[in-house]
Amino acid sequence: MVDADAALPAAATVVLLRDADDPVLPGVEALLLRRPDRGSFAGAWVFPGGRVDEGDAGDDEDGRALTAAIRETREETGLELARADLAALSHWTPPEETSRRFRTWFFVARAPQAEVAANPGEIEEHRWLRPEDALAAHAEGDLLLFPPTWVTLHALLAATSVDDALTRARAAGVDRFVTQHDAV
């Protein structure tokens, strides 16, 4: 049996983390970017990422996705990453009903010590948020998060530091998700 989802185009995204600047409440902050109110993920808060292009180097889809993750992070935030900085986190396949479907690789990385330079037109604004603060803002209707972002932030709630988050990701391996539309 052939997996029809294997023919879908691939995408990659990076969960950039930094240690929270609060000695009393250790944890991490994730970089979230707000997309414009048009196009893919209109108005949503997302991690840096995008489509895997033909020019993205790699021996297989995993390798090409890693290259795309680094490229997209640079294009959207101005931040430079190296391949060794990233750990694979998850792989998402959207529901068949979705109009634009991409199989998306999620990676996690420590954010470089540099200022974010958001790409105008592609990114409206950016924020560094603790996972719990982002999830609370989403629950209050202040941030629009799609399921992969919400689930990823939820998984980061237990991280006490970036090192802890990276160690957990490398030990756990890649979580695979196939999302579905809820029947209403």
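Which residues do ring pairs link into a cluster? In this predicted model, the cluster consists of Phe47, Trp92 and Phe106.

## Confidence of the model

The protein has a mean pLDDT of 87, and 87% of its residues reach 70 or more. Among its elements, helix H2 (residues 131-139) has the highest mean pLDDT, at 97, whereas strand S8 (residues 175-178) has the lowest, at 68. Where pLDDT is low, the predicted coordinates should not be read in detail.

## The aromatic cluster

Two aromatic pairs are found when the whole structure is searched. One of them joins Phe47 to Phe106 in an edge-to-face arrangement, with 6.3 Å from centre to centre and 85 degrees between the planes. Phe47 belongs to the loop between strand S3 (45-46) and strand S4 (49-51), and Phe106 to strand S6 (residues 103-110), so this pair ties together parts that are 59 residues apart in sequence. Phe47 and Phe106 are both buried.

Trp92 and Phe106 form an aromatic pair that is tilted: the centres are 6.2 Å apart and the planes make an angle of 50 degrees. Because Trp92 lies in strand S5 (residues 86-93) and Phe106 in strand S6, the pair ties together parts that are 14 residues apart in sequence. Trp92, like Phe106, is buried.

## The buried side of helix H3

Helix H3 (residues 147-155) has Pro148, Thr149, Thr152 and Leu153 as buried residues. They span an arc of only 130 degrees around the axis, which puts them on the same side of H3.

The cover over the buried residues of H3 includes strand S1 (10-19), strand S2 (28-34), S3, S5, S6 and H2.

The largest share, four residues, comes from H4.

Conventions: Residues are numbered from 1 along each chain as its sequence is written. This is a predicted model: local features need pLDDT of at least 70, side-chain atom pairs count only at pLDDT 80 or more; totals for chains, interfaces and linings use all residues. Side-chain values use heavy atoms; hydrogens and water are left out. pLDDT is the predictor's confidence in each residue, from 0 to 100. Helices (H or I, at least four residues) and strands (E, at least two) are DSSP runs, numbered from the N terminus. Rings of Phe, Tyr and Trp (its six-membered ring) pair if their centres lie within 6.5 Å; planes under 30 degrees apart count as stacked, over 60 as edge-to-face and the rest as tilted. Buried means under 20% relative accessible area, exposed over 50%, partly exposed in between (1.4 Å probe, protein chains only). The arc is that of the directions from the helix axis to the C-beta atoms. Contact means heavy atoms within 4.5 Å.
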